[in-house]
Amino acid sequence: MFKFFYGIGNKAQDSNLINCAQSERKQAVIVDRSVVQLNQAMATEKRGPSTCGFSMLPEECVSYLLSFTSPCDICRLSLVSKSFLAAAQIDLLWESFLPPDVAEILSRAANPVDYSTKKELYFRLCQPLLVDDGKLSFQLEKSTGKKTFMISPETMFIVWIENSQYWRWVSLPQSRFSKQVELLSVCWLEIAGKIESRFLSKKTMYTAYMIYKLNPNSYGLDSNSQKVTVHLGAHSQENRVSLEPDDDEEEEEKKIQLRGDGWLEMELGEIYNDQGDEGEVVIMFRDVEVLHWKKGLVFAGFEIRPTKRKVDAELLR
């Protein structure tokens, strides 16, 4: 760790830091003012273990260095020393973890978001926030600050949704949106939702999920003819799924998890969002190959959130 911080004092690395911060005048001033103090602090560290060199640095400098870590790391480092704890309260640090379009997101919120510090705003946005008249849910992944979205069925294309013989709108407790849609009876099941890729975090792998429940009297939803497609730009991933897999279908069962809010989520597929300039992410669920009757699906929406496991983005290209 000491070698890393000491290296910041080198002439070439100082230049890189200042060049990277030119667009942020305030950060550039902090770095410029603190480089000498940083070297002095590290020299103090070398002279004796009893003196903490970081205590010599201004909070703004320590905060700037912490901005190269993650929210999760900052919470851990806050327990290490008073210097880290004080630096972890600075607005400039938490502003670096907020999405660049946070002002636009707040302007689209269904209800005003109250906060007094950027840290408070960050953790407020780690809870679901309804935007776009309550038809889209937004939140930040707490450990990384990456964006997560859930799309309401009210904005989707659902075959025969306007016919009360086949579908009906319901409102269930512990639901993200005010309305969900219940399947009464259809033979042709098709649902498609979409979201602009520019809304998502850049350089991020995403996994799409279907959020749903099954009524006790459901039937026809255990077919292996169900197919999902997750599409973005030139990439399209297609998978076979089952909303109600048989006991023998272990791989399908692994893709379905019970959420903390009581809903089921089924993994649909993955896409890699590079610069957010490839248009719309389109998620489609279809059961049309075998025209048997189906009933009892309660659909709450599609969710797209950063992939937890490590995936090579090039494999999806």
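Which residue stands opposite Gln180 in β6? In this predicted model, the residue facing Gln180 is Val170. Residues are numbered from 1 along each chain as its sequence is written, and side-chain values rest on heavy atoms, with hydrogens and water left out. Because the model is predicted, local features need pLDDT of at least 70 and side-chain atom pairs count only at pLDDT 80 or more, while totals for chains, interfaces and linings use all residues.

Strand β6 covers residues 180–183; helices (H or I, at least four residues) and strands (E, at least two) are DSSP runs, numbered from the N terminus. β6 pairs with strand β5 (residues 167–170) in the antiparallel sense over four bridges, where pairing requires that DSSP finds at least two bridges between two strands. Strand β14 (residues 295–306) also runs antiparallel to β6, and two bridges join them. Here Val181 has Phe299 of β14 as its bridge partner. Both faces of β6 are covered: Gln180 and Glu182 are buried on one side, and Val181 and Leu183 are buried on the other. Buried means under 20% relative accessible area, exposed over 50%, and partly exposed in between (1.4 Å probe, protein chains only).

Leaving out residues up to four places away in sequence, the contacts of Phe302 include Phe149, Ile191, Met210 and Phe285, a contact being heavy atoms within 4.5 Å.

Thr307, in the segment after β14, counts as buried because its relative accessible area is 13%. Tyr206 is 101 residues away from Thr307 in sequence, yet their C-alpha atoms are 4.9 Å apart in space. Beyond four places in sequence, Thr307 touches Met205, Tyr206, Thr207 and Glu270. Arg108 is found in the loop between α8 (102–107) and α9 (118–124), and its 17% relative accessibility is why Arg108 counts as buried. Neighbours within four places aside, Arg108 is in contact with Leu130, Val131, Asp132, Leu136 and Phe199.

On a 1 Å grid over the protein atoms alone, a cavity is a set of points where a 1.4 Å probe fits but cannot get out, and a pocket is an open set with protein on both sides within 12 Å along at least five of seven lines; lining residues have an atom within 4 Å of a point. The second largest cavity has about 60 Å³ of space, and its lining includes Met150, Gln180, Ile211 and Ala300. The largest pocket holds about 610 Å³ and is lined by 27 residues, of which Leu98, Pro99, Pro100, Asp101 and Lys147 lie nearest its centre. Four lining residues, the largest share, come from α8.

Finally, the chain averages a pLDDT of 81, and 71% of the residues score at least 70; pLDDT is the predictor's confidence in each residue, from 0 to 100. Over residues 1–43 the pLDDT stays under 50.

How values were computed:
Grid points are joined across faces, edges and corners, and a volume is the space filled by probe spheres set on the points.
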